[in-house]
Amino acid sequence: MLTFVSDSLKDGDFRSILRVSAITFSKRTVVEFLLNTHSSKPDPKQEILNNIAELVYTKGVTNTSGALRVASETLFQERNGDREAVQNMAVIITDGNSNVDRDPIQDANKLKADGVYIVGILIGTDKSINEDEMKAIVSDPAELTRLKSYDDLIPFRETILKRMCTRKL
């Protein structure tokens with residue numbers, strides 16, 4: 001998954017256009033870096049790629065609600081690099097059913113009401129992910145994709161990028 005994220009960002013213009021943040025979520029939700037963490041660095045793209053390479057996949061429970069709430073309360077805030085005139089997008093990549101905290105749909109609805117466009121990528125073929133719940137979380141059910149494994153993210157990268165970059169937000 002980290003290769004997918006890094007490859008997706010390699011060609012981005014981080015000096016003037018793109019701002020990226022990352023949250024990991026299992027039992028706890030952790031803000032790995034904010035939208036403005038790297039904006040004043042000499043090479044923001046390399047700093048972001050370095051931070052992504054250091055992320056650790058945490059197995060266990062899936063606190064989707066916590067991640068959405070932290071995105072709303074922390075990430076998409078002006079003090080942390082959010083820009084009012086720029087469309088915000090949250091990409092949720094998950095391999096598990098929301099099973100901690102509260103119903104994530106209320107937190108997703110808050111983000112959407114605040115103008116954040118949410119897309120989702122489900123990893124796995126089993127019933128461990130509540131697809132109906134994820135359809136309610138994303139902004140448009142057509143923006144929900146299911147892949148068999150994390151390895152399938154790599155060849156799917158161009159499709160996902162095109163969908164995100166050409167979407168009229």
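User: How many helices and strands does the chain have?
Analyst: This is a predicted model, where local features need pLDDT of at least 70, side-chain atom pairs count only at pLDDT 80 or more, and totals for chains, interfaces and linings use all residues. Residues are numbered from 1 along each chain as its sequence is written, and side-chain values use heavy atoms, with hydrogens and water left out. Helices (H or I, at least four residues) and strands (E, at least two) are DSSP runs, numbered from the N terminus. The chain has six helices and five strands.

User: In what order do the elements run from the N terminus on?
Analyst: The chain has both helices and strands. From the N terminus on, the order is α-β-β-α-α-β-α-β-α-β-α.

User: What percentage of the residues count as buried?
Analyst: Buried means under 20% relative accessible area, exposed over 50%, and partly exposed in between (1.4 Å probe, protein chains only). The chain has 169 residues. The buried share of them is 39%.

User: Among contacts between residues at least 6 apart in sequence, what percentage join residues at least 24 apart?
Analyst: Contact means heavy atoms within 4.5 Å. Take the contacts in the chain between residues at least 6 apart in sequence. The share joining residues at least 24 apart is 72%.

User: Which residues have the most contacts inside the largest nonpolar core?
Analyst: A nonpolar core is a set of buried Ala, Val, Leu, Ile, Met, Phe, Trp, Tyr and Cys residues joined through side-chain atoms within 4.5 Å. The largest one has 18 residues. Two or more residues each come from α3 (64-75), β3 (88-94), α4 (104-113), β4 (116-123) and α5 (131-137). Those with the most contacts inside the core are F76, L111, I118, M134 and I137.

User: Which residues is L111 in contact with, leaving aside its neighbours within four places in sequence?
Analyst: L111 is one of the residues with the most contacts inside the largest core. Leaving aside neighbours within four places in sequence, its partners are L68, A71, S72, F76, V116 and I118.

User: Why does S72 count as buried?
Analyst: S72 lies in helix α3. Not counting residues up to four places away in sequence, S72 touches Q77, K110, L111 and D114. S72 counts as buried because its relative accessibility is 6%.

User: Which elements do the buried residues of α3 pack against?
Analyst: The buried residues of α3 are T64, S65, G66, A67, L68, A71, S72 and L75. They pack against β1 (22-25), β2 (29-33), β3, α4 and α5.

User: Is T62 buried or exposed?
Analyst: T62 sits in the loop between α2 (44-53) and α3. Not counting residues up to four places away in sequence, T62 touches F25, S26, T94, G96, N97, S98, N99 and V100. At 6% relative accessibility, T62 counts as buried.

User: What is the relative accessibility of K135?
Analyst: K135 is found in helix α5. Leaving aside neighbours within four places in sequence, K135 is in contact with P141 and L144. K135 counts as partly exposed, because its relative accessibility is 38%.

User: What distance separates the C-alpha atoms of K135 and T145?
Analyst: K135 and T145 are ten residues apart along the chain. Their C-alpha atoms are separated by 9.9 Å.
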